[in-house]
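I opened this notebook to record a few look-ups on charge pairing, confidence and helix geometry. The entries follow in the order in which I made them.

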Amino acid sequence: MNKQRFWYRVFDLYYDGFRNMRLGKTLWTIILIKLFIMFVILKIFFFPNFLKTHADKGGESDYVANEFIERAQ
């Protein structure tokens, strides 16, 4: 089977499927909004940049190395 033809058929399958969807477009919109909320909004408010608050500027790798060494002992 020709690889180029295979990828064209795969693309055509999904393109045709998404073009003819009605309810699916709404569901995909909801999924994308939920992913945006999970990865962007929650990251900003609940997951601060730990290395920025604990390590010196440019010394992040040294901080991580020292933490690994201290925890191993």
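**Entry 1: K52 and the model**

I began with K52, which lies in helix 3; helices here are DSSP runs (H or I, at least four residues), numbered from the N terminus. I note that this is a predicted model, in which local features need pLDDT of at least 70, side-chain atom pairs count only at pLDDT 80 or more, and totals for chains, interfaces and linings use all residues. Residues are numbered from 1 along each chain as its sequence is written, and side-chain values use heavy atoms, with hydrogens and water left out.

I looked up the accessibility of K52 and found a relative accessible area of 67%, so K52 is exposed (exposed is over 50%, buried under 20%, partly exposed in between, with a 1.4 Å probe and protein chains only). I also took the C-alpha to C-alpha separation of K52 and D16: 47 Å in space, for 36 residues in sequence.

**Entry 2: confidence**

I read the pLDDT, the predictor's confidence in each residue, from 0 to 100. Its mean over the chain is 84, and 96% of the residues reach 70 or more. Helix 3 (residues 50-54) has the lowest confidence, at a mean of 79, and helix 2 (residues 23-46) the highest, at 88.

**Entry 3: salt bridges**

How many salt bridges does the structure hold? I found two, taking a salt bridge as a side-chain nitrogen of Lys or Arg within 4 Å of a carboxyl oxygen of Asp or Glu.

One joins R19 to D16, with the closest N and O atoms 2.6 Å apart. Both residues belong to helix 1 (residues 3-19) and are three residues apart, about one turn of the helix. I list R19 as partly exposed because its relative accessibility is 46%; D16, at 32%, is likewise partly exposed.

The other joins E67 to R71, where the closest N and O atoms are 3.6 Å apart. This pair sits in helix 4 (residues 60-72), four residues apart, again about one turn of the helix. E67 has 22% relative accessibility and therefore counts as partly exposed, whereas R71, with 69%, is exposed.

**Entry 4: helix 2**

Does the length of helix 2 agree or disagree with expectation? The expected span is 1.5 Å times one less than the number of residues. For the 24 residues of helix 2 this should be 34 Å, and the end C-alpha atoms are 33 Å apart, which agrees.

I then recorded a bend of about 30 degrees in helix 2 at I37, the bend being the angle between axes fitted to the seven residues ending there and the seven starting there.

Note on methods
Helices (H or I, at least four residues) and strands (E, at least two) are DSSP runs, numbered from the N terminus.
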